[in-house]
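Trainee: I'm new to this one, and I'd like to learn how to read it. Could you walk me through some features?

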Amino acid sequence: MDEQKLEKTLAAMKERLTVNTALKDELRTVFRRKRRRALAAKWSLAAAAAAFLSVFVLNGLPGVGLPGVNAAALRVQNQVSFVEIGSGSALNVAEHDGKVYVPVAGEGLFVYGGAGFHRLADRELSDLSISRDGRQLLWAAGGTVGTYDIQSGVWRELLKGDGREVFYEQPAWSEEGRFLYVRKLLDPGNREERVAESAIYEWRGEAEPPRKLAEGRSPAPVPGRSAFLYEKAGEQGIHIIFRETDSGEEREIDRGRSPSVSPDGRYVAYVKNDRPGPPAGGQAEAGRVENVWVADTEGETRRPVTSNPLRPEEDGPLDPPASQDERPAQTPAEEGRSAPEQGGLYRYASPTWSSDSHSVFALRSLSDEGAKVSLIRLDLSTRTLTPVETVRAFEQAVIQRDLDFARSLLMEQPDFFIGSNPHRVSYTILGSGTANGRPYVDVEEYWSYTANPYYGIQKVRYELEATDWGYVLNGGELLDDVLVTGTEDGRLTLERNGQEEVLLDPGELPRELLPPGPSRISSLAYVPSRNLLLLTLQVLQDETGGKQQAAVKLIRYDTKERTFELLEERAKLGEAANVGAEAILVSPDGRFAALDLFSDDEPAERSHILVYDLEEKRADLPETELTAVGLEAVRTHYWNGTNLHFTVKSHGQTMHLVWDAVRRTLSTP
């Protein structure tokens, strides 16, 4: 995701929000930090009640499947953005049993799972579908359709286009050995109407000729039934149609595109481009927005499962001459051109159900030409989040800056500030209760600043309001405010609710911990309940011709006993010397510390994570457990309990993974 563009857009959106002025003033007062003497001029602090903030992970919810209820009863339990496509464009997605397959234009076929993200093949693919047993991929490339056996690595071509007039595309498994696909014929003599035919066919095996089923695109077979859904052009745009294969009987589900039917056959996910309803407290605004919708395959009910805010007007037209639903299907020559700007901040594409029918995968990007694409997952259920789960969802949405999900958890849209530093690195739910007839949740939020001695702790009480769709945050109160900062001369101070004290004078560091040459205190973390202050002492390279090279020392300081302990020293990362530290993140319980390390002897973007267990006195490098090759960067993200969320960049793509620091295992979010 383009962070600079997103931050600019969010700042502009702030001016367009209709809010409760009294609430906004209250929150601004409650969450405004006082200016700090040492580092305050270097940043603007992010408000703790940030309303729009992009990639959410919610852990710890019980696994709840989707019973046979109508689509209107479904609620989003979790939204995860776990792969960012940094080079090329993601074209589709397929998933089976936790493994996600993504074809990327110009890069090849990638697979994502608990052990990392790696390139499965360097073939250029445009469409992808996976068999029910997860053994075969059905693919399309350059007008040809074929299969790929995942275990044996064998590729087969089943329908071969000529690359000029006959194209086979959009294949989808209907059952083992059978699939639907689109046969597209082009008329090279007619420049205005190049598509002479776009029809859906069924392939039953090489012994039988393909059977034509309907005129249209994007076939989505309904498991367990002789039926499928597809796109059909009409007078009012593109419609999603349910069709009985044998009788030919049809009924309309909704306007939209790219249908995908859940493996249990109950629901269809699709992208719909429509005018939004009036925002809370305001009037409807012009423009069209794309969202992912879910409907019953019976066509009884439907609802959006994403929340796409409108773009600021200065970023482009909000109401294009024709919506994507109203345009005819593109020809191969037209495909690849940028679509007209839509009214929404995001674009969505290629929704696909998970193999367990509990989640929908989709591609999302900012609606700017050339914006990076993220692969997201929406987990659905009929249950309502509790107050604690709602606040947990909001906390993680703020940490990961998930714009659309965070705003759905707020009653109002308070004023906010966006900044890269300081940034939230973890949180702890302290408790919950009821006051004045309304539920509340108390949270401790932890803030850090990259490569600087800064650590903040805020205790916040969030009040919640019950709505038809669950609980939403409706105000908050700052209960406690702690900040540890460093001065240029090496002194560390603790400020709590306006009262300041000195935690450490530079002369208190034991001589045996100091290098012969220059050094400084870099990132730090503070755990008051343990009287624990973790310091990274950055040993600086002697640039005057001395022999001292850069290194990092992790030091434990007991603020009550005023004692020091050297926990870890890193002078090399593999064979690379001149090691530096960018950040230190401590788990909320104070047991684990995660350090972002780099070496000046490696490429500038290369980075590593070291996880240190303060109880076992043991250091781990999670990247050693990855199957991904060509690692470019490994960086910390945040702690959720004793699970460290981090990112890995490989082959130009960035993926989100989780390190269980207790079990020392990797998983996907």
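Trainee: Let's start with tyrosine 267: does it count as buried or exposed?

Mentor: Keep in mind that this is a predicted model. The idea is to look at relative accessibility, where buried means under 20%. Tyrosine 267 comes out at 1%, so it counts as buried.

Trainee: And how does tryptophan 353 count, buried or exposed?

Mentor: Go by the cut-off again: tryptophan 353 has 4% relative accessibility, so it counts as buried too.

Trainee: How many aromatic pairs does a search of the whole structure find?

Mentor: The search turns up 15 aromatic pairs. Let's take tyrosine 148 with tryptophan 155: the ring centres are 4.3 Å apart and the planes sit at 40 degrees, so this pair is tilted. Tyrosine 148 itself is buried, at a relative accessible area of 6%.

Trainee: What should I look at when I describe a pair like that?

Mentor: A pair of aromatic rings is described by two things, the distance of the centres and the angle of the planes. Back to our earlier residues, then. The rings of tyrosine 267 and tryptophan 353 have centres 6.2 Å apart, and their planes are at 25 degrees, so that pair is stacked. The pair also links distant parts of the chain: tyrosine 267 belongs to strand β19 (residues 267–274) and tryptophan 353 to strand β22 (residues 346–353), 86 residues apart.

Trainee: Which residues form an aromatic cluster?

Mentor: One cluster is made up of Tyr168, Trp173, Phe179, Tyr181, Tyr201 and Trp203.

Trainee: Now for arginine 243. Where is it found?

Mentor: Arginine 243 is in strand β16 (residues 237–244). With a relative accessible area of 17%, arginine 243 is buried, because the cut-off is under 20%.

Trainee: Which residues is arginine 243 in contact with, leaving aside its neighbours within four places in sequence?

Mentor: Among them are Leu213, Ala214, Phe228, Tyr230 and Glu250. With Glu250 there's a further detail: the side chains of arginine 243 and glutamate 250 make a polar contact at 2.5 Å. Another thing to look at is how far apart two C-alpha atoms are; for arginine 243 and proline 221, which are 22 residues apart along the chain, the separation is 9.6 Å.

Trainee: What about glutamate 445: which side chain does a polar contact join it to?

Mentor: That would be arginine 424, with a polar contact of 3.5 Å between the two side chains. Glutamate 445 is in strand β26 (residues 438–448), and its relative accessible area is 0%, so it is buried.

Trainee: How many residues does helix α3 have, and how far does it reach?

Mentor: Helix α3 (residues 387–400) has 14 residues and reaches 20 Å from its first C-alpha to its last, close to the 20 Å expected. Most of α3 is covered, with 12 of its 14 residues buried, including Val391, Phe394 and Ile399.

Technical notes: Residues are numbered from 1 along each chain as its sequence is written. This is a predicted model: local features need pLDDT of at least 70, side-chain atom pairs count only at pLDDT 80 or more; totals for chains, interfaces and linings use all residues. Side-chain values use heavy atoms; hydrogens and water are left out. Helices (H or I, at least four residues) and strands (E, at least two) are DSSP runs, numbered from the N terminus. Buried means under 20% relative accessible area, exposed over 50%, partly exposed in between (1.4 Å probe, protein chains only). Contact means heavy atoms within 4.5 Å. A polar contact is a pair of N or O atoms within 3.5 Å; within protein, one must be able to donate a hydrogen and the other to accept it, and residues adjacent in sequence count only if both atoms are side-chain atoms. The expected span of a helix is 1.5 Å times one less than its number of residues. Rings of Phe, Tyr and Trp (its six-membered ring) pair if their centres lie within 6.5 Å; planes under 30 degrees apart count as stacked, over 60 as edge-to-face and the rest as tilted.
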